[in-house]
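Please open the structure in your viewer and keep the selection panel at hand.

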Amino acid sequence: MAQHAMSLRKRYYVELARFAVKLGASVPDARAFADDAVAELVVRPLKDPGRDPVRNERPWLYRTVRQMVMSARRHRQRFDDRDIGQLGDRLCQTTWGAPDLHLEAVETLRAIGALPEDQAHAVTLSVAGHSMDTIAEILDISVSAAKQRVSRGRRRLLANLEGRDR
């Protein structure tokens, strides 16, 4: 399965990412959409073994990327910064008595805000305590795509925070 995923990624990643950019996605989002579409195609038979296999991978991948871009647009329109704001309020309430913890919390929120939008949403929802199933449902993506976004977001967040310490 890993070889199949790598061959699909090699074959389609660049053109899928370009397609997503042409549809109006940012470059980081386009890259994530391309990766997520390939992951969906690989995981699809495992999620629903009774489902007919995808016969034409390329059109299916393009359709999936298009749906992801359109879904992100719709989501962006209805998603506001309530979750980040609520998270910030909670952090301020719990760290106000300790200035060092408070500054660390503020820096973390700023670093989350600097993440690509899809990763920021996934990380924020994860930090807020939502399960991967719930994150996937809220963001209108698969659970595997939600896991990828949270994982990538956390790695990038950690790198951003470590870069500020230097």
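**Two spaces to visit**

Begin by selecting α2, α3 and α6 (117-127), each of which supplies at least two residues of the lining of the largest cavity. Please bear in mind that this is a predicted model.

With five residues, α3 gives the most to the lining of the largest cavity.

Now select Phe33, Ala72, His75, Asp118 and Arg149. Of the 14 residues that line the largest cavity, these lie nearest its centre. The space within the largest cavity amounts to about 140 Å³. Which classes of residue make up the lining of the largest cavity? Five are nonpolar, three are polar and six are charged. A search of the whole structure finds two cavities of 30 Å³ or more.

**The largest pocket**

Turn now to the largest pocket, and select α2 (27-47) and α3 (57-78). Each of these helices supplies at least two residues of the lining of the largest pocket. Which element provides the largest share of that lining? It is α3, with seven residues.

To find the middle of the largest pocket, select Glu40, Trp60, Thr64, Gln67 and Met68, which lie nearest its centre among the 16 residues of the lining. The largest pocket holds about 340 Å³ of space.

Technical notes
Residues numbered from 1 in each chain as written. Predicted model: local features only at pLDDT ≥ 70, side-chain atom pairs only at ≥ 80, totals over all residues. Heavy atoms only, no water. 1 Å grid on protein atoms, 1.4 Å probe; cavity = no way out; pocket = protein on both sides within 12 Å on 5 of 7 lines; lining within 4 Å. Points joined across faces, edges and corners; volume = space filled by probe spheres on them. Helix = DSSP H or I, 4+ residues; strand = E, 2+ residues; numbered from the N terminus. Nonpolar A, V, L, I, M, F, W, Y, C, P; charged D, E, K, R; others polar.
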